[in-house]
Each structure stands twice: as structure tokens, then as C-alpha cells.
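Good morning, and thank you for making time for this presentation. Please look at the display before I continue.

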Amino acid sequence: MTYWLLNAVFLVIVAALAVSAIATSRAPRWRAIAITAGILLVMTAVFDNVMISVGLVGYSADAISGAFIGVAPLEDFAYTVAAVVGLPCLWMLLGSRRKDSHA
């Protein structure tokens with residue numbers, strides 16, 4: 001199994017959450033998600049490169065695509081994207097449906 005195949009499972013679930021959130025008019029604020037994604041992708045690049053460089057994490061050459069950002073395989077960034085998009089959509093879908101009575 002490749003890492004992209006494993007990522008596909010999670011990314012399909014995230015896509016379904018996003019479509020559901022949009023379809024029910026409970027979509028999160030996409031600008032906030034984009035800003036958060038930018039910050040977390042940079043942090044992922046830095047920390048993944050450090051962890052891989054010091055030997056804390058390793059990857060089977062047969063399971064990765066061969067595309068890298070530094071020494072981090074591109075597949076590593078799918079987890080960040082899945083979390084940044086999936087969690088706010090899930091939050092919006094599962095959030096309270098009643099109006100806040102505090103004014």
C-alpha cells in the first residue's frame with residue numbers, strides 16, 4: 001500500500017464532509033481555513049524535514065511518490081490538509097442547531 005492510497009481514504013472522507021457542510025449551508029469560513037492551512041503547511045514542512053533529517057521518521061521508498069519538499073515526501077502534507085479542512089467542516093456539521101439565547 002502506498003501513502004497516497006492511505007491518504008485517499010482520509011481525503012475522500014474530508015471531501016464528503018466539506019460537500020455536506022456546503023450543501024447544508026453550514027460551511028466554515030474558507031478564508032480562515034486557507035490562512036490556517038498556509039501556516040500549518042509551512043510548519044509541517046519545517047518540522048517534517050527536521051524529524052526526517054535526524055532519523056526520527058523514515059519512509060519506504062516503495063510506498064512514496066518520489067516528490068519531496070526538502071526531504072519530506074509530498075504525501076506527508078495530505079494529513080495537514082485533511083485536518084485543516086475536515087475538522088472545521090465536522091465542527092460546523094455537529095455544532096448546536098439552536099440559537100444562542102445570550103444577547
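Helices here are DSSP runs of H or I with at least four residues, strands are DSSP runs of E with at least two, and both are numbered from the N terminus. With that in place, Thr-44 can be located in helix H2.

Two remarks on the source are needed. This is a predicted model, in which local features need pLDDT of at least 70 and side-chain atom pairs count only at pLDDT 80 or more, while totals for chains, interfaces and linings use all residues. Residues are numbered from 1 along each chain as its sequence is written, and side-chain values use heavy atoms, with hydrogens and water left out.

Let me stay with Thr-44. Is Thr-44 buried or exposed? A residue is called buried under 20% relative accessible area, exposed over 50%, and partly exposed in between, using a 1.4 Å probe and protein chains only. Thr-44 counts as buried because its relative accessibility is 13%.

Contact, in this talk, means heavy atoms within 4.5 Å. Not counting residues up to four places away in sequence, Thr-44 touches Asn-49, Asp-76, Phe-77 and Thr-80. With Phe-77, which is 33 residues away along the chain, the C-alpha separation is 7.0 Å. A polar contact is a pair of N or O atoms within 3.5 Å; within protein, one must be able to donate a hydrogen and the other to accept it, and residues adjacent in sequence count only if both atoms are side-chain atoms. The side chains of Thr-44 and Thr-80 form such a contact at 2.8 Å.

I turn now to helix H1, which covers residues 3-23 and includes Asn-7. Asn-7 has 1% relative accessibility and therefore counts as buried. Its contacts, leaving aside neighbours within four places in sequence, are Glu-75, Ala-78 and Tyr-79. With Tyr-79 there is also a side-chain polar contact of 3.2 Å.

Trp-4 is found in helix H1 as well. At a relative accessible area of 34%, Trp-4 is partly exposed. Which residues does Trp-4 contact, leaving aside its neighbours within four places in sequence? They are Ser-65, Leu-74, Glu-75 and Ala-78. The Glu-75 side chain makes a polar contact of 3.5 Å with the side chain of Trp-4. Trp-4 and Asp-76 stand 72 residues apart in sequence, yet their C-alpha atoms are 9.3 Å apart in space.

The next topic is aromatic rings. A pair of aromatic rings is described by the distance of the centres and the angle of the planes. Rings of Phe, Tyr and Trp (its six-membered ring) pair if their centres lie within 6.5 Å; planes under 30 degrees apart count as stacked, over 60 as edge-to-face and the rest as tilted. By this rule there is 1 aromatic pair. Its members are Tyr-3 and Tyr-59, and the pair is edge-to-face because the ring centres are 5.4 Å apart and the planes stand at 85°. This pair links distant parts of the chain, with Tyr-3 in helix H1 and Tyr-59 in the loop between H2 and S1, 56 residues apart. Tyr-3 is partly exposed at 24% relative accessibility, and Tyr-59 is partly exposed with a relative accessible area of 27%.

Gly-58 lies in the loop between H2 and S1. With a relative accessible area of 58%, Gly-58 is exposed. Between Gly-58 and Asp-76, the C-alpha distance is 12 Å for 18 residues in sequence.

Val-54 also has a place in the loop between helix H2 (30-53) and strand S1 (68-69). Val-54 counts as exposed, at 63% relative accessibility.

Two further loop residues deserve mention. Ser-25 lies in the loop between H1 and H2, and at 69% relative accessibility Ser-25 counts as exposed. Most residues other than glycine have a negative phi. The phi of Ser-25, however, is near 55°, a positive value in a residue other than glycine.

Finally, where is Gly-70 found? Gly-70 is in the loop between S1 and strand S2 (72-73), and is exposed with a relative accessible area of 61%. Gly-70 and Ile-22 are 48 residues apart in sequence and 35 Å apart from C-alpha to C-alpha.

Thank you for your attention.
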